[in-house]
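I opened a new notebook page for this model.

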Amino acid sequence: MIVRNLPAGKPGSPETPRIGLVVPATDQVSEVAFAEMLRGHAVSMVVSRVAFENPVVMATLSRMVDDLSRATALLLPGGRIDVVAFSCTSGTVAAGVDAVARAIDAAKPGVPFTTPITAAVAAFRRLGARRIAVLTPYVDEVNEAIHGFLTASGLEIVEFGSFHLRTEPEIAGVPPEAIVAAGRSISGPGAEALFISCTGLQGHAAIGALEAATGKPVVTSNQAQVWEALSLVGYGRPLHGYGRLLESLFPARAA
């Protein structure tokens, strides 16, 4: 477990929001992405890791929830956690949101939580976007599950692209410029916004270039979690450099 206090304000004081971040054991990006987006803000972060072994397929993803209560309980035992972020988009879909909610509540009763996929759906509602393009790093069986979740949530997917990768190191190794190029290729006139799925992908580093190139809002897994986590604790300062969602949509939260 890592306790990270981010600069500015009084980290750890009663008025400072504290996020409990739970990431897959093999994840190389989530913690860095959260720290980069929250840099300069009076927010503290505590990190724990949940058991996971590659490849990134439905069978391994669905097993992650079995260890989620243990990993969540390691988030500052006996200390205050204001919101829990389970940082796995595909893992949430594979296990089911209800199972994730039960596992987190068993460890941190009454503490609100966010997941990348539910936060992304809420973000698109807040942005007023229903027709979206989706970019993922996943293999087909995981892509099908992500597609099904988003459409069941009321979104219309007009374009869908994927890097078709099987492991976290491969996913983390996709450079931001490749994400920008792929995102631009699927952000046609029919799409109102773009979703870059997977907390293990460096999507947050591509947001600015993609929004500038397409003129459309971009939502990524880690960015959406940061937005919803801060919304849940009533944090009111905009975060700059990571898209319209974080720059101008506080303190309101999606209905």
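My entries follow, beginning with the ground rules.

I am working from a predicted model, where local features need pLDDT of at least 70 and side-chain atom pairs count only at pLDDT 80 or more, while totals for chains, interfaces and linings use all residues. Residues are numbered from 1 along each chain as its sequence is written, and side-chain values use heavy atoms, with hydrogens and water left out.

I looked up an open sheet of four strands, in the order 7-6-8-9, with parallel pairing. Strands here are DSSP E runs of at least two residues, helices are H or I runs of at least four, and both are numbered from the N terminus. Two strands pair if DSSP finds at least two bridges between them. Strand 7 (156-162) and strand 9 (218-220) are the edges, each pairing on one side only. I then checked strand 8 (residues 193-196), which pairs with strand 9 over three bridges. Phe195 stands opposite Val219 there.

**Helices.** I found helix 6 lying across strand 6 (131-136), strand 8 and strand 9. Helix 6 runs at about 170° to strand 8 (axes are lines fitted to C-alpha atoms, for helices over the stretch in contact; angles run from 0 to 180 degrees between N-to-C directions). Helix 7 (residues 140-152) touches strands 6, 7 and 8.

**Core.** Which residues have the most contacts inside the largest nonpolar core? I noted Ile19, Phe86, Ile132, Leu150 and Phe195, in a core of 86 residues. Such a core joins buried Ala, Val, Leu, Ile, Met, Phe, Trp, Tyr and Cys residues through side-chain atoms within 4.5 Å; buried means under 20% relative accessible area with a 1.4 Å probe, protein chains only. Helix 6 (residues 116-127) gives the largest share, seven residues. Leaving aside neighbours within four places in sequence, Leu150 is in contact (heavy atoms within 4.5 Å) with residues including Ile132, Leu155 and Phe195.

How values were computed. Buried < 20%, exposed > 50% of the residue type's maximum accessible area, 1.4 Å probe, protein only.
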